[in-house]
Amino acid sequence: MILKQKTSVDCVALLVAAGRGNRFGGETPKQYVKLMGVSLLRRCLKIIGIHPRIKHIRVVIHPDDMQLYKEATKGIKLLKPIFGGDQRQESVYLGLKSYKEINPQYVLIHDAVRPFITHDIIDAVLASLDDQHVAVIPGLIVSDSLKHVKKNKVITSVDRANLWQAQTPQGFNYKTITDAHESMMGLALTDDSAIAEKNGVSVEVIKGAIENFKVTTPQDLDRGENFLNMNGEKKTMRVGLGIDVHGFKPGKSVTLCGIKIPFNKSLKGHSDADVAMHAITDALLGAVGAGDIGLIFPPTDPKWKNCKSEIFLTRAGSEVKQRGGKIINIDLTIICEKPTISTYRDQMQKNIARILNINDKKINIKATTTEQLGFTGRKEGIAAQAITGVQI
Ligand code: MG
């Protein structure tokens with residue numbers, strides 16, 4: 001039995017958000033990826049931050065993520081973040097050390113990628129700590145059969161009796177876990193319970209919750225969305241419009257939606273003048289309130305001279321993703337007398353789908369003339385309009 005230490009602070013929380021790990025779309029570390037418009041880290045903080053027994057919260061972050069952290073924590077009262085180490089274990093140790101002055105009774109250590117933490121779980125962990133346990137973790141009984149597999153072949157079946165999956169927040173007597181980390185430095189253990197166990201500390205398990213899962217793949221985000229939908233959090237639909245025009249110059253082909261179409265002229269422009277792809281890019285940026293193509297890629301910057309417009313569209317796609325948006329459809333109209341678009345429509349749709357990593361059935365490409373009226377009618381150039389629906 002461990003007697004309570006003399007300390008004025010009952011409980012603090014430490015959020016581990018320094019990992020690079022799996023990423024969605026290759027740019028944003030998963031703890032900052034948005035789930036229905038709110039980052040995973042912010043979702044955790046909004047729940048933990050209003051728990052009456054948690055007096056302070058500190059987040060361990062990666063030095064490269066300061067801007068993302070600032071955005072994710074806007075308006076939430078927190079201690080100054082600290083930078084983590086190369087391994088999770090080192091990050092947690094640095095976080096624990098940062099609480100030395102405060103010297104709390106308990107510390108709850110939580111993964112920033114478990115956004116569905118509940119006050120019920122926190123209460124159960126704290127109740128068990130109040131019962132004089134020094135280390136408490138939430139867990140779930142393993143219900144699926146377990147196999148030891150190598151190169152897609154089952155080596156052996158694993159007896160699942162007494163097997164549990166460990167979750168977070170893991171709760172500890174502050175001094176006990178800090179001492180355990182200190183004596184286990186340099187090991188790459190995957191959770192703090194393992195560190196406590198290796199240090200001879202008895203770890204108590206309480207019942208976790210299925211919804212308190214760890215977001216590790218894009219499919220987990222869909223699962224999270226379904227969960228939020230069931231709990232009354234709804235997405236809204238936003239619409240974006242993009243319009244572009246480029247004039248002709250002498251040449252042998254035009255590029256539309258990244259597809260080179262033989263023609264007796266080319267399009268003038270700073271980049272490859274892909275008028276159709278520019279319209280789609282602007283529509284996507286508009287739908288998520290991310291400005292426009294000229295703002296992100298100024299035509300005055302020589303860097304973008306003769307560049308492929310695929311770069312612009314890729315960026316627009318990641319702006320959508322970063323805001324937790326999902327492209328529902330893109331409808332593009334190319335306006336010109338010539339060249340004839342119809343034979344290239346399929347290739348164009350597939351190319352846009354490839355760049356945005358979406359199903360090509362979400363993209364519709366139309367072409368129209370203006371009955372020989374106006375600049376397109378006089379064959380002076382090509383205009384394009386795109387409209388897109390983004391669920392966010
Ligand atoms: Mg343009």
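Buried means under 20% relative accessible area, exposed means over 50%, and partly exposed lies in between (1.4 Å probe, protein chains only). This is a predicted model, where local features need pLDDT of at least 70, side-chain atom pairs count only at pLDDT 80 or more, and totals for chains, interfaces and linings use all residues. Residues are numbered from 1 along each chain as its sequence is written, and side-chain values use heavy atoms, with hydrogens and water left out.

**View 1. Arg378 pairs with Glu380 in a salt bridge.** A salt bridge puts a side-chain nitrogen of Lys or Arg within 4 Å of a carboxyl oxygen of Asp or Glu. Here the N to O distance is 2.8 Å. Arg378 counts as exposed because its relative accessibility is 52%. Glu380, at 40%, counts as partly exposed. Elsewhere, salt bridges with shared partners join Arg88, Asp111, Arg114 and Asp192 into one network.

**View 2. Glu71 forms a salt bridge with Lys34.** Their closest N and O atoms are 2.9 Å apart. Glu71 lies in helix α2 (residues 66–73) and Lys34 in strand β4 (residues 34–35), so the pair ties together parts that are 37 residues apart in sequence. Helices (H or I, at least four residues) and strands (E, at least two) are DSSP runs, numbered from the N terminus. Glu71 has 46% relative accessibility, so Glu71 counts as partly exposed. The whole structure holds 17 salt bridges.

**View 3. Asp244, His246 and His278 are the protein donors of the magnesium ion.** Donors are N, O and S atoms within 2.8 Å of the metal (3.2 Å for Na, K and Ca); water is not among the atoms, so sites may look incomplete. The donor atoms are OD of Asp244, NE2 of His246 and ND1 of His278, lying 2.1 to 2.3 Å from the ion. Their spacing along the chain is D-x1-H-x31-H. Asp244 sits in strand β15 (residues 237–250) and His278 in helix α8, so this pair ties together parts 34 residues apart in sequence. Both Asp244 and His278 are buried.

**View 4. Leu256, Leu284, Leu332 and Ile334 touch the most other members of the largest nonpolar core.** A nonpolar core is a set of buried Ala, Val, Leu, Ile, Met, Phe, Trp, Tyr and Cys residues joined through side-chain atoms within 4.5 Å. This core has 48 residues. Helix α8 (residues 275–287) gives the most, with nine. A second, separate core of 28 residues includes Tyr32, Leu108, Ala112 and Leu129.
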